[in-house]
Amino acid sequence: MKEDTNANINSYLTFKLGKESFAANVGKVLEILEVPNITKVPKSPEYMTGVINLRGNVLPVIDTRIKFGLPKIDCTVNTCIIVINVEMDSENIIVGALVDSVQEVLEIQQAQIQPSPSLGSKYKAEFLEGMTKYHEDFIMLLNIDKVFSADELILVKDSLIS
Amino acid sequence: MDQFRRKFLEEASDLLEQLEKVLLKIEKEDIVASHVEEIFRVMHTLKGNSSMFGYEAVSEFTHYLENIYDDIRKDELELSSQIISVTLSSVDHLRSILKDEKLEITSNKVNHENMMKAIKMLSSISNDTKALKEELKDNTNSEGASTWYVKFKPAKDIHRTGNNPLYFIDDLSQLGNVFTIADLSDVPELTEIDPQTCYITWHNFIYTKNEDDIRDIFLFADAQSELVVEKISDKDLLNSLKFSEDLKETAISNTIGLSIKNLLDKYSIPSQEESTQENELARNNHKTENVISSIRVSSNKVDEMMSLVSELVTAQARLNVLTQNTTDSKVSEITESIEKITRRIRDNSFSICLVPFETIVVRFQRLIRDLSTQLNKNVKFITEGTDTELDKNIIENLSDPILHILRNCLDHGIESENERTAKGKQAQGTILLKAFYTGSNVNIQITDDGKGIDFTRVKKKAEEKNLISKEAQLSEKEILNLIFLPGFSTAEKVTEISGRGVGMDVVKRQISDLRGEVDLISVPGKGTTLTIKLPLTLSIIDGLLVRISDTHYIIPLGVIEKCHEVTQEFIEEAFDDLLALDGERQPFINLRTEFCDTSTPPFLQQIIMVKSDDKKVGLIVDAIVGQYQAVLKPLGKLYKNIEIISGASILGDGTVALVLDTNKIIKEYSNSKMIIAI
C-alpha cells in the first residue's frame, strides 16, 4: 500500500551538485537537515562522510559529491543533508545524503521523463530513472535505492565534470 | 484471531517445556505425586487449549496421554521408565505437529501414527490393571459408600475458557448412581440471553464412596465456579422410594433452590455442616493465592521500552551538560533528582530484560539424557546457580554454543564406564554447569571430570592441518587455544554427535558476538573446565571516553589494564613498535596514524594498555575524557564492513562517539603488519 503511494507521487525534490541538477522522488525523502557535527568513521570509504546524531539515532551520511566522482569541497551555508529512505537487500535503511544545495520540489509528469541516453552519459544507466528538461536545464532523476545502496562510485568514466 | 493463535502457540511451547522439565525431574528423583499431578494438569490445559484453537491432532494426542497420567494419578498404573520415554518423545512430536497442525509433512504423519500406537499400547496396559483393580475395589468397597449432594454452579464465562459443564456432570455419573436436577431459574428471557454465558446450576445427588473423587472431577472448573459437596446420608438414599419421590417433586418445583434446601434439611446429617464450612474456607484461601504475580509481555514491547530508556539516558546526559553551565541552584536540584530517577528506571528496565539462566537449562538436561543413552555413558548432570539472570538476547544466543560444548564433553571428555573404573575414577561421570556473577559479568562454567584434553594430540593435529609450524614452541595455554581455530577437530572419526570440524571456532565466534570471552583449562586425566564470561547486558557498556583530534571514541572498560601519559618525543623514539613502559617492552598502535588522521598530535598523549587474547597492547590517543556509560547504537548496514567499530553512542552534547572493538583493531593491525613484513 505504502509503496504504491510512493510510486505514484510525481513530485521530485531537486538538488545541486556542482553545476548539475539532480532529483529524488519525494516519496523517498524524509527530511532535510542543516549540516551538524559529523563524526568520521575511520577506515571507511571516502564517500562515507561519517555519522550524525539524528534525534538519538545514529545516521550514516554519504557525501554525494564524492559518490558521484566530484572533488570534495568544504561545506557552505547552502550545504545540507537530505535524509532518505533507501531499500537495500529488501530492507529499509535511512541514510543522509550530503548535497551542495537543495533547490525546490517539482511536479514532473511521467510523460515528461525521457529515458537517459545509454551512450555518452557520464553516469551508469541503472542509477538513473530518466531525465527531464526544466528551464533549459537538464535534471537527472535518480534511482535512490540503487544509488545509495551501491558500494561503487556512480561515475562511468574517469573524467570529472568541470 | 491470529494474535490469539500466536498466544496459544507461545503458551503451548511453554507448557511443553514445563512438561519436559517435570519429566526429567521425575527421572532423576523419585516419582512424586505432585509431579504426576503437574504433568496431568499440563496435559489437560494443552488438550483444552488445542481443541479450542482447532488443533485436532494435538488435542486427540494429548487426550490419550492425559488418560495415562490420570490412571497413574489414581494409582491404577505405575509410572515406568517406558512411559517417561514415550512421553518425552511425545513432547518432541507435539512440538513438531504444533507447527504442522494438519499433518501435511509425511514424516510427521508417520510419526504421529507410530506415537499414537505406542500411547494406545500403554493405555491398554493401564486398562488391564484398571480392570483388575476395579474388581478388587468392587469386592471390598461396595460398602462404606454414602449419598452426596453436589451443587455445581459454573462460572458465567465457563464456555469461554473452553470447558463444557456437561462433561463434568457426565464424569460424575461414572462414579455411581446419580440424580441430576438442572436449575434453570437464572436463565433470562430469550432476548437477553448471551449464548456464551452459562446460567444453569446443577444439583446432583450421587451414591458413591469417596468425596475426593467428586472433587477431582471439578478440579478443572475455574475458581469462580461454585461447588458444594455435602454428605447427606451413609445410606443409599437414591434407592429409597421416599427420597426419590421427594426428588422428583423438587425437580418440577418452581423454586428449585429453595426446595433443594428443604430437602437437604430433611435428610442430611447435621454434623456435616462444619466440614463444608471448612471446605469453603480452604477454597477461599486458595482464591487469594490465585492473585496474578506475573504477566506475559511481548518481547517487542520490552525491546521498545529498552530503546526508550536508552534515549532517556542520552537525554539525561545532555541535561547534565547544560546544568553544569548554569548557576541556578533550582535547576541543578531538579536535574539531580531526574538523574536519580533515570538511573533507577534504567536499572529497573534492565532487570525486566533479564531472564534466569534456568529457562534454557531444560534443553541441556534433555541433551545429556538422550546423548548419554545413545553413547552408553553413565553421566550425572549437575546444574548450579540456575537463578543467575542474563539479558534475554544473550540467553537466546547462548543455547547453541553451550549445547555444542556439552556434546563435546560427553563425546570426547567423559570416558566409558569401564575406562573410568580402570583409571580408579567413579564409574559415573559428572558434568557440572554452573552460572555465577563476577562484577558486571556473568560467568558460565562447564566442568567435566573426563579424560581432559590431550595436549600432544592437539598439537600433532594442528601440525597436520597446517595450522601451526612443526617448530613452533607453544605453551599449554596456546595449545588449548588451537582448539578454537577454524577447521580444527580432534575426533578421528566424524561422528553424528560432534567432530564435524565446525566446532569450537563457531562456539568462540558466537560467544564473542555476544561480547563474551571463552577460557579453557584442562588437566589431562582429570577433566576440562570451560568458562564463558559474558556482559550482563548488550545495550549499555561501561567505557572510557577518549579523544583523537575532534573525534570521540569509547574503549570498553573491561579490556583496559592501565593508562600512561607520554610525550610525542617518547613515541617517536620508539624502536620496532615497542615502548618501554613499567620496565617492559610493550607493543603499541598509534590510533592517530592507524585512523589516517593527519593533524598534528599534541605534545602530551595517553597510552591505554588493553589486553587481547593474553597479549597486552598499548593504544595511543590524544586525551582521556573520562569514564562514560555508553548506550550502544548500531552503526547500521552501510558500515557493516567496518569491523573495528562495534557501535556508536551519543554523547551529552549530542555528538556521536564511536565504540572501538580493541580485539579487532589489534588483529587488523597485526595482519597489515604481516603483509608489510612479507
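1. Chain A, fold order. Read along the sequence, chain A runs α-β-β-β-β-β-α-β-β-β-β-β-α. That comes to three helices and 10 strands. The model is a predicted one, and the points below should be read as such.

2. Chain A, packing. Chain A has 162 residues, and 31% of them count as buried. Consider the contacts in chain A with a separation of 6 or more: 55% of these join residues 24 or more positions apart.

3. The contact between the chains. Chain A contributes 18 residues and chain B contributes 20 residues. On the side of chain A that touches chain B, three strands each supply at least two residues: β4 (48-54), β5 (57-63) and β7 (91-99) of chain A. The largest share is that of β4(A), with four residues. By type, this side of chain A divides into 10 nonpolar, six polar and two charged residues.

4. A sheet in chain B. Four strands of chain B make an open sheet, ordered β2-β3-β1-β4, with antiparallel pairing. Its edge strands are β2 (177-183) and β4 (226-233) of chain B, each of which pairs on one side only. Direction ignored, neighbouring strands of the sheet are turned by 15° against each other on average.

5. The β1/β4 pair of that sheet. Strand β1 (residues 146-153) of chain B pairs with β4(B) in the antiparallel sense, over seven bridges. Within β4(B), Val229(B) is the residue that stands opposite Val150(B).

6. The helix on the sheet. Helix α6 (residues 165-173) of chain B packs on this sheet. The helix touches β1, β2 and β3 (201-208) of chain B. Its direction makes about 15° with that of β3(B).

7. Ile548(B). This residue lies in strand β12 (residues 540-548) of chain B. Is Ile548(B) buried or exposed? Ile548(B) counts as buried, because 22 C-beta neighbours fall inside 10 Å and the cut-off for a buried residue is 20 or more.

8. Partners of Ile548(B). Which residues does Ile548(B) contact, leaving aside its neighbours within four places in sequence? They are Tyr553(B), Leu591(B), Arg592(B), Phe595(B), Asp597(B), Val621(B) and Asp622(B). Take Leu591(B), one of these partners. Ile548(B) and Leu591(B) are 43 residues apart along the chain, and their C-alpha atoms are separated by 8.0 Å.

Note on methods: Residues numbered from 1 in each chain as written. Chains lettered and ligands numbered in written order. Predicted model: local features only at pLDDT ≥ 70, side-chain atom pairs only at ≥ 80, totals over all residues. Contact = placed C-beta atoms within 7 Å. Nonpolar A, V, L, I, M, F, W, Y, C, P; charged D, E, K, R; others polar. Buried ≥ 20, exposed ≤ 12 C-beta atoms within 10 Å, placed from the backbone. Pairing = 2+ DSSP bridges. Axes fitted to C-alpha atoms, helices over the stretch in contact; angles between N-to-C directions.
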